[in-house]
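Here is a short briefing on one protein model. It covers a pocket, a helix pair and an aromatic pair.

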Amino acid sequence: MTRKFFVGGNWKMNGDKKSLGELIQTLNGATNADLPVVCGAPSIYLDFVRSKLDAKFGVAAQNCYKVPKGAYTGEISPVMIKDCGVHWVILGHSERRHVFGESDELIGQKTAHALENGLGVIACIGEKLDEREGGITEKVVFSQTKVIADNVKDWSKVVLAYEPVWAIGTGKTASPQQAQEVHEKLREWLKTNVSEAVANSVRIIYGGSVTGATCKELASQKDVDGFLVGGASLKPEFIDIIHAKA
């Protein structure tokens, strides 16, 4: 089956109303955004971005907690995200795992709660450099994927993002062949451990220093179904990345 190419932009902790407003104007003028494009905005700007960004683009929160409300200072819930007209959330990003110490278990709980409350989830997995060099890439990404899979009932609302941690913000990109190899193995894991239908339909996107220069060759790989873009999503070249498959 044909999987619709999916491009996410993760703006991380960047931008202000002026610079994001300018970026939004550029994006709104972009053609051919008939494929799914979702922009991950800082939580404080979710309302602002959703009100300014053309409806053809989706908006994502960059994180959320595992319960609807309560005494969790600094957190936001799926209910709040939806109240801002936003329908996606990025969960399990390597910065949440390795900077903020989020466990696989917590990411699984967040995934379950976000899906139960009607959000689409961009679920991130990926190995660190020492893990790749130690030859345990598959072991790491399979165990991360298992915890996510255990918490998913409806895979139509999930996009899996493979992001080798050693390639995020470093300027290093996994070669198209390296990306394809992991994506293909992830699809095989889903076929064995979830179902063949899910393995064929779920989009596995690549993240890790994706740029206008690297996107076309990455997009040509059989099992690369799109991108989760960091730094380049804050620049006009994000439009070139959106059109990588065109």
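The largest pocket has a volume of about 540 Å³. The model is predicted, so read every value below as computed from that prediction.

**Largest pocket**
- The lining of the largest pocket consists of 21 residues.
- P42, S43, Q62, N63 and R96 are the lining residues closest to the pocket centre.
- Sorted by class, the lining holds nine nonpolar, eight polar and four charged residues.

**Helix packing: α5 and α7**
- Helix α5 spans residues 104–116, and helix α7 spans residues 137–149.
- The two helices pack at an angle of about 35 degrees. Their axes lie 8 Å apart.
- The crossing of α5 and α7 is right-handed.
- On the α5 side, D104, E105, G108 and T111 make the contact.

**Aromatic pairs**
- A search of the whole structure turns up six aromatic pairs.
- One of them joins F5 and F227.
- A pair of aromatic rings is described by the distance of the centres and the angle of the planes.
- F5 sits in the segment before β1 (6–10), while F227 belongs to strand β8 (residues 226–229).
- The pair thus links distant parts of the chain, 222 residues apart.

Terms used
Residues are numbered from 1 along each chain as its sequence is written. This is a predicted model: local features need pLDDT of at least 70, side-chain atom pairs count only at pLDDT 80 or more; totals for chains, interfaces and linings use all residues. Side-chain values use heavy atoms; hydrogens and water are left out. On a 1 Å grid over the protein atoms alone, a cavity is a set of points where a 1.4 Å probe fits but cannot get out, and a pocket is an open set with protein on both sides within 12 Å along at least five of seven lines; lining residues have an atom within 4 Å of a point. Grid points are joined across faces, edges and corners, and a volume is the space filled by probe spheres set on the points. Ala, Val, Leu, Ile, Met, Phe, Trp, Tyr, Cys and Pro count as nonpolar, Asp, Glu, Lys and Arg as charged, and the others, Gly among them, as polar. Axes are lines fitted to C-alpha atoms, for helices over the stretch in contact, and angles run from 0 to 180 degrees between N-to-C directions. Helices (H or I, at least four residues) and strands (E, at least two) are DSSP runs, numbered from the N terminus. A crossing is left-handed if the near helix is turned anticlockwise from the far one by less than a right angle, and right-handed if clockwise. Contact means heavy atoms within 4.5 Å. Rings of Phe, Tyr and Trp (its six-membered ring) pair if their centres lie within 6.5 Å; planes under 30 degrees apart count as stacked, over 60 as edge-to-face and the rest as tilted.
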